[in-house]
Amino acid sequence: MVKKSIICKYDKYYIIYIDQYMKEVVMKKYTLTIMVWLAVFSLVALPFGQSPRVTAGFDGLEILPKDASPLYPIVLSEEEWMERLTPFQYKILREKGTERAFSGEYDKFYEAGTYYSAATGQPLFSSDAKFNSGTGWPSFYEPISQDAVILVEDNSWFGRRVEVLDSSSGSHLGHVFDDGPPPTGLRYCINSASLIFVPEGVEPPELVKEYLAKH
């Protein structure tokens, strides 16, 4: 009886051990599955306006390779940029950040005027080219002039996009996509924090006046 009890006791523990082991295996399996689906969802659920997409329909536009090194007329040290810009502007313009969708000052903003680079005061976009894309970021179908911006391949976020930089300093503005309205079919998706808006008939700030005086 003693031996049988001991055997039964060990069998009981053995069964409990196997049961716990199988539960752990099942839990690990479900955890891995959940992690994979979360990773997929995080990519699919990126804000539509800045989401990775294969670029096509950019005929006539010069898109530089990612490793290109254009020469910019305005060159500052990182310390000088930090003094000129707010921390959030620095994150967007110099560290290629992206503001949260629908949070920018110029989303759903349609006053007549001109948009300038917050980094240099360079003219970038006219309100005439602005439209409501519904993406949560200011959207334009063309820049104020094609040489106002530089387009560069962006292979981040597991896709291919086209980054938009101001041509005066190489500061990050946003991205351009080929799903815009006529006449260009393009959508320049731009961070509000990278822009300074000056209404028609209003004197621009010193940064803009300084740029216009020198260029």
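Student: Leaving aside its neighbours within four places in sequence, which residues is Ser167 in contact with?

Tutor: Contact means heavy atoms within 4.5 Å. By that rule, Ser167 touches Tyr72, Pro73, Gln122, Asp147, Ala148, Val149 and Ile150. A word on the source: this is a predicted model, where local features need pLDDT of at least 70, side-chain atom pairs count only at pLDDT 80 or more, and totals for chains, interfaces and linings use all residues. Residues are numbered from 1 along each chain as its sequence is written, and side-chain values use heavy atoms, with hydrogens and water left out.

Student: Where is Ser167 placed, and is Ser167 buried or exposed?

Tutor: Helices (H or I, at least four residues) and strands (E, at least two) are DSSP runs, numbered from the N terminus. Ser167 sits in the loop between S7 and strand S8 (172-177). Buried means under 20% relative accessible area, exposed over 50%, and partly exposed in between (1.4 Å probe, protein chains only). Ser167 has 17% relative accessibility, so it counts as buried.

Student: Which backbone oxygen does the side chain of Ser167 reach?

Tutor: A polar contact is a pair of N or O atoms within 3.5 Å; within protein, one must be able to donate a hydrogen and the other to accept it, and residues adjacent in sequence count only if both atoms are side-chain atoms. The side chain of Ser167 reaches the backbone oxygen of Asp147 at 2.7 Å.

Student: How do I read a sheet? What is the order of the seven strands?

Tutor: Strands of a sheet pair through backbone hydrogen bonds, either parallel or antiparallel. Here, two strands pair if DSSP finds at least two bridges between them. The seven strands form an open sheet, S1-S6-S7-S8-S9-S5-S4, with mixed pairing. Strands S1 (63-64) and S4 (130-131) are at the edges; each has a single partner strand, so one side of each lacks a neighbour in the sheet. Inside this sheet, S6 (residues 149-154) and S7 (residues 161-166) are antiparallel and share six bridges. Val149 has Asp166 in S7 as its bridge partner.

Student: What is the order of the open sheet of three strands?

Tutor: The order is S3-S2-S10, and the pairing is antiparallel. S3 (123-126) and S10 (195-199) form the edges, each with a single partner strand, so one side of each has no neighbour in the sheet. Three bridges join S2 (residues 113-117) to S3. Thr114 has Ser126 in S3 as its bridge partner.

Student: How many aromatic pairs does a search of the whole structure find?

Tutor: Rings of Phe, Tyr and Trp (its six-membered ring) pair if their centres lie within 6.5 Å; planes under 30 degrees apart count as stacked, over 60 as edge-to-face and the rest as tilted. The search finds eight aromatic pairs. Take Tyr115 and Phe140: centres 5.1 Å apart, planes at 70°, so the pair is edge-to-face. Tyr115 lies in S2 and Phe140 in S5 (residues 139-140), so the pair ties together parts 25 residues apart in sequence. Both residues are buried. Tyr115 and Phe197 have centres 4.8 Å apart and planes at 50°, so that pair is tilted. Phe197 lies in S10, so this pair ties together parts 82 residues apart in sequence.

Student: Which residues form one aromatic cluster?

Tutor: The cluster consists of Tyr106, Phe109, Tyr115, Phe125, Phe140, Tyr188 and Phe197. Tyr115 is buried at a relative accessible area of 0%, and Phe197 counts as buried at 11%.
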